[in-house]
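Q: Could you go through this model with me? I have a few quick things to ask.
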Amino acid sequence: MIKVHHLNRSRSKRVIWLLEELALTYHVMYHQRDPKTQLAPDTLKAVHPLAKAPVIEDGDTVICESSVILEYILNTYTDGTQLRPAANTPEYYKYLEWLNFAEGSLSLAVISKLFISMEERAGDQAFDAYIAKEIALNLDYVETTLSKQNYFAGDEFSAADIMMTIMLEIAQQIGLLEDKTHTLSYLDLVQSRAAYLHAAEKG
Ligand SMILES: N[C@@H](CCC(=O)N[C@@H](CS)C(=O)NCC(=O)O)C(=O)O
């Protein structure tokens, strides 16, 4: 059975959400952030040297990086047709683009902005300007995409939506989506899924 190492308020919600979408049986190991530093505890370091969540264990296989974990679960526990377009189609490469965009591009801008908003500081102008430009670039791209289609990989919900949602939720919490009507409607749509709601209860 898959063991999911879950850290409170973290990207590991993605893995629980996917497992709920697929109605698979799994076991959650709960880890709590240090209340002062907000960093992961040593219990997570014992599982993986990076001490980041999510990590899964499946028999002898230990995997970190949420996008890779989602692909591993889809490859191992489905016939390949669930929650992603058929391999090697143009839609599949769009799916992969969004699956990786969440951590590869969007997270740098959103997480930097989150940290800037938590700090009281005069501000490093070059860094702040770079982040503002990246936020606009990435979130405009998201908004334009969602003005034309319901989900990131096209008309069907896929694991790319699971990757993207958590980053967009953080963006919403720090006030970056106020004028992004398509992105906000998209969030309402995916957050009403039964598996999302079950994952939220567990994580
Ligand atoms: N790119 C990684 C990011 C992993 C990551 O940074 N996880 C955060 C939680 S969202 C974490 O474990 N933070 C605790 C720490 O850095 O001590 C992924 O998508 O899995």
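Q: What span should helix α4 have, and how far apart are its end C-alpha atoms?
A: This is a predicted model, and in it helix α4 takes in the 29 residues 90-118. At 1.5 Å a residue they should span 42 Å, and because the end C-alpha atoms are 40 Å apart, the two values agree.

Q: And where does α4 bend?
A: The bend is at Leu 106 and comes to about 55°.

Q: Which residues of α4 are buried?
A: Leu 106 is one of them, and the others are Tyr 95, Trp 98, Leu 99, Phe 101, Ala 102, Ala 109, Val 110 and Lys 113.

Q: What do those buried residues pack against?
A: They pack against three helices, namely α3 (66-77), α5 (125-148) and α6 (159-173).

Q: Switching to the ligand, which residues are around it?
A: The residues around the ligand are Leu 7, Ser 10, Arg 11, Leu 39, Ala 40, Ala 51, Lys 52, Ala 53, Pro 54, Glu 65, Ser 66 and Glu 103. By class, this shell divides into six nonpolar, two polar and four charged residues.

Q: OK, domains now: what does the assignment give?
A: The assignment gives domain 1 as residues 2-83 and domain 2 as residues 90-193, and their centres, taken over C-alpha atoms, are separated by 21 Å.

Q: How many residues are in contact between domain 1 and domain 2?
A: On the domain 1 side there are 10, in contact with eight residues of domain 2. To that side of domain 1, α1 (13-21) and α3 each supply at least two residues, and its make-up is five nonpolar, two polar and three charged residues.

Terms used:
Residues numbered from 1 in each chain as written. Predicted model: local features only at pLDDT ≥ 70, side-chain atom pairs only at ≥ 80, totals over all residues. Helix = DSSP H or I, 4+ residues; strand = E, 2+ residues; numbered from the N terminus. Expected span 1.5 Å × (residues − 1). Bend = angle between axes of the 7 residues up to and from the residue. Buried ≥ 20, exposed ≤ 12 C-beta atoms within 10 Å, placed from the backbone. Contact = placed C-beta atoms within 7 Å. Near = placed C-beta within 6 Å. Nonpolar A, V, L, I, M, F, W, Y, C, P; charged D, E, K, R; others polar. Domains from an automatic or database assignment.
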